[in-house]
There are 4 protein chains.
Amino acid sequence: MIQEYIHKVQYYETDKMGVTHHSNYIRFMEEARVDFMDQIGYGYDRMESEGVCSPVINIECDFKKSTTYADVIKVSVKVIEISQIRIKFEYVMRVEDEIVFRGTSSHCCLNKDGKIISLKREKPEVYELFLSFLETDEKL
Amino acid sequence: MIQEYIHKVQYYETDKMGVTHHSNYIRFMEEARVDFMDQIGYGYDRMESEGVCSPVINIECDFKKSTTYADVIKVSVKVIEISQIRIKFEYVMRVEDEIVFRGTSSHCCLNKDGKIISLKREKPEVYELFLSFLETDEKL
Amino acid sequence: MIQEYIHKVQYYETDKMGVTHHSNYIRFMEEARVDFMDQIGYGYDRMESEGVCSPVINIECDFKKSTTYADVIKVSVKVIEISQIRIKFEYVMRVEDEIVFRGTSSHCCLNKDGKIISLKREKPEVYELFLSFLETDEKL
Amino acid sequence: MIQEYIHKVQYYETDKMGVTHHSNYIRFMEEARVDFMDQIGYGYDRMESEGVCSPVINIECDFKKSTTYADVIKVSVKVIEISQIRIKFEYVMRVEDEIVFRGTSSHCCLNKDGKIISLKREKPEVYELFLSFLETDEKL
């Protein structure tokens, strides 16, 4: 059972409009994704030690409601698509049960030479692991 | 004639993969948008002095090619959609004429009380200004 | 009894040298200071609601040892000096009991008009609160 | 003749106090130092290609006056100390000729194995280069 990731908004993450600067949500997505991968047993440390890196190739964000300093953001992460060469995560962020942000990130996997690899073929056990966490992208 | 915006990648914008961290492109988009608005004569300073703020409501990013420290990124900005309550910008970033990033940001406008306003009705001269820079979203 | 503050280093906080970028320690200091003030019952929220802000006027940092992604940094905070118009905090950061960073920050207090105020005179209960946490600056 | 470095404060560098967040000055110091080293002909790229890295070991900052969005900060950089194993830079930042910040950073040099090296012995031409730019630390 995957635990939600918690991020408390820091003062330095706000801007002069008085709210969390929108660029920081991309960072909260990364924090939550890294935590998700730790929880399922394929942390970034292990991934990188296996010579794999997983750059972001696409991001989509809907900013629903502003947040600000000291807000406690709960982030839930799901795998919503997986193909041989691409994996897509969805993130829903809430403050006190109200959705403040919804976004997705898509990633490919590269080997040490920077070539795109097929997870399914070259890391089948990792592919199966992500597949076991796949959820269809039903709107919450 | 709108000038491209130039951002030279800083050391602190890289990550341990050796490349520009993807969250920074959201910031480069903001830098370029602010510069675009200065160039057309409706800078953030003027906007805020008129009691308008223009939060980001949606972002979409395609990361085409990594960049790194000292790369000189040229950002071109276009208005690609405008409605009564929403304006959408497109950003194309290049390093030495190769596209490294393409993204969009959508914005609404709020008054001092945080209510969404219709630019067309409440700031018609600003609406007309953006409209005069509207370009159809043909792929480059 | 003040609890140490914990910061787990995020991927986006590293740079292409493979280590935590040094500017981030200034942010960890802020995170820990804010947490300290929450713990003693004078959180930033209360401070700001009372119309006080407390800008940083000086910072000193000794970077003892690099840290990197996923390191768990424990930050201890102390009040080491307090005068009518100035308060100084010390921060010691450790990873697995090894000191990685030591720094200080000095702050004044401003009222709503941006004038420096004497905490002792204008917020005596806050002055007394900080004073009760004052520790001499003995080297650990 | 060394040119001043220019940094225009970005919106995302402000915080909810309405001013440039203090942690960003550390980044402006880096930007200006990197630019200084480019100007004297020993850019980070060359340094890193020679297998040298130059971590920050100490930073001291005096925040004199707040800055905010769209301020144009002019940064002047000087070498104020150099020894066999340590080099110290001073930074003075001005907005419209008023000093807003003064700081220093001290650096050592490491080889590929992460060992401290003596610049004077192992990179004498680089040592001489920095020495030729040494200025005594008279207060401006």
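Trainee: Is B:Ala70 buried or exposed, or partly exposed?

Mentor: B:Ala70 has 15 C-beta neighbours inside 10 Å, so it counts as partly exposed. The term "buried" requires 20 or more other C-beta atoms within 10 Å of the residue's own, "exposed" means 12 or fewer, and "partly exposed" lies in between, with C-beta atoms placed from the backbone. Please keep in mind that this is a predicted model, in which local features need pLDDT of at least 70, side-chain atom pairs count only at pLDDT 80 or more, and totals for chains, interfaces and linings use all residues. Residues are numbered from 1 along each chain as its sequence is written, and chains are lettered from A and ligands numbered from 1 in the order in which they are written.

Trainee: Where does B:Ala70 lie?

Mentor: B:Ala70 is in the loop between β2 and β3 (72–82) of chain B. Helices (H or I, at least four residues) and strands (E, at least two) are DSSP runs, numbered from the N terminus. B:Ala70 also has a positive phi of about 80°, although it is not a glycine.

Trainee: And what about phi at C:Ala70?

Mentor: C:Ala70 has a positive phi of about 80°, and it is not a glycine either. Its place is in the loop between β2 (56–63) and β3 (72–82) of chain C.

Trainee: Staying in chain C, is C:His21 buried or exposed?

Mentor: C:His21 counts as buried, because it has 23 C-beta neighbours inside 10 Å. C:His21 is found in the loop between β1 (5–8) and α1 (23–40) of chain C.

Trainee: Which residues is C:His21 in contact with?

Mentor: Leaving aside neighbours within four places in sequence, C:His21 is in contact with B:Tyr12, C:Glu13, C:Thr14 and C:Asp15. Here, "in contact" means that the C-beta atoms, placed from the backbone, lie within 7 Å. As for C:Thr67, it is 46 residues apart from C:His21 along the chain, and their C-alpha atoms are separated by 8.9 Å.

Trainee: How many residues of chain B are in contact with chain A?

Mentor: There, 16 residues of chain B are in contact with 16 residues of chain A. The elements of chain B that give two or more residues to this side are α1 (23–40) and β2 (56–63), and β2(B) gives the most, with 8 residues. The residues on this side of chain B divide into 9 nonpolar, 4 polar and 3 charged.

Trainee: What rotation superposes chain B on chain A?

Mentor: A rotation of 180° with 0.0 Å of shift along its axis does so, with an RMSD of 0.0 Å. The two copies are thus related as by a two-fold rotation axis. In chain B, the C-alpha nearest the axis is that of B:Glu60, 2.2 Å from it. Copies are superposed by least squares on the C-alpha atoms of residues with pLDDT of at least 70 in both.

Trainee: In which sense do β2 of chain A and β2(B) pair?

Mentor: Strand β2 (residues 56–63) of chain A and β2(B) pair in the antiparallel sense over 5 bridges. For example, A:Asn58 has B:Asp62 in β2(B) as its bridge partner. Two strands pair if DSSP finds at least two bridges between them.

Trainee: How many strands form the open sheet?

Mentor: The open sheet has 10 strands, in the order β1(A)-β3(A)-β4(A)-β5(A)-β2(A)-β2(B)-β5(B)-β4(B)-β3(B)-β1(B), and the pairing is antiparallel. Its edge strands are β1 (5–8) of chain A and β1 (5–8) of chain B, each pairing on one side only.

Trainee: Which strands does α1(B) lie across?

Mentor: α1(B) lies across β1, β2, β3, β4 and β5 (98–107) of chain B, running at about 70° to β3(B). Axes are lines fitted to C-alpha atoms, for helices over the stretch in contact, and angles run from 0 to 180 degrees between N-to-C directions.

Methods
Two residues are in contact if their C-beta atoms, placed from the backbone, lie within 7 Å. Ala, Val, Leu, Ile, Met, Phe, Trp, Tyr, Cys and Pro count as nonpolar, Asp, Glu, Lys and Arg as charged, and the others, Gly among them, as polar.
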